[in-house]
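Student: Please take me through this model one feature at a time, giving the general idea before each case.

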Amino acid sequence: MRVNTKAQIRENTSIDWTIKENVKAKLKVIAKRTLRQFGYPPDMELLAIETVLMQVERVADEFVNV
């Protein structure tokens, strides 16, 4: 699940993705779809999505500079 999510997020990030709300929204949708695909409990989705976005923000340079 982690590899799938990372690959999809890497494909959809841009240089200024941390500023633009529409890009953040798209990344949330990607994370949500991936969680559903792997049977993640719906009641824990929101926390998991926020955690994924925080982790992506921490490694934003790696995603953009690849």
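**Burial, helix faces and charge pairs**

Tutor: Glu45 is buried, with a relative accessible area of 7%, where buried means under 20%, exposed over 50% and partly exposed in between, for a 1.4 Å probe and protein chains only. The model is predicted, so local features need pLDDT of at least 70 and side-chain atom pairs pLDDT 80 or more, whereas totals for chains, interfaces and linings use all residues. Residues are numbered from 1 along each chain as its sequence is written, and side-chain values use heavy atoms, leaving out hydrogens and water.

Student: Which residue forms a salt bridge with Glu45?

Tutor: Side chains of opposite charge can pair when their charged atoms come close. Here the partner is Arg36, with the closest N and O atoms 3.4 Å apart (the criterion is a Lys or Arg side-chain nitrogen within 4 Å of an Asp or Glu carboxyl oxygen). Arg36 itself is exposed, at a relative accessible area of 55%.

Student: How many salt bridges does the structure hold?

Tutor: There are two, and Lys28 with Glu50 forms one of them, at 3.8 Å between the closest N and O atoms. This pair links distant parts of the chain, since Lys28 lies in helix 2 and Glu50 in helix 3, 22 residues apart (helices are DSSP runs of H or I, at least four residues, and strands runs of E, at least two, numbered from the N terminus). Lys28 is partly exposed at 36% relative accessible area, and Glu50 is partly exposed at 34%.

Student: Where do the buried residues of helix 2 fall, seen down its axis?

Tutor: An α-helix has 3.6 residues a turn, so residues three or four places apart point the same way. In helix 2 the buried residues are Val23, Lys24, Leu27, Ile30, Ala31, Thr34 and Leu35. They fall within an arc of 130°, so they line one face of the helix (the arc is taken over directions from the helix axis to the C-beta atoms). The face turned away carries the exposed residues Glu21, Asn22, Arg33, Arg36 and Gln37.

Student: Which residues of helix 3 are buried?

Tutor: They are Glu45, Ala48, Ile49, Val52, Leu53 and Val56, and they cover an arc of only 135° on the same side of helix 3. On its other side, Leu46, Leu47 and Arg58 are exposed.

Student: Which elements give two or more residues to the largest nonpolar core?

Tutor: That core has nine residues, namely Leu27, Ile30, Ala31, Leu35, Ala48, Ile49, Val52, Leu53 and Val56 (a core joins buried Ala, Val, Leu, Ile, Met, Phe, Trp, Tyr and Cys through side-chain atoms within 4.5 Å). The elements are helix 2 (21–37) and helix 3 (45–58), and helix 3 gives the most, with five residues.
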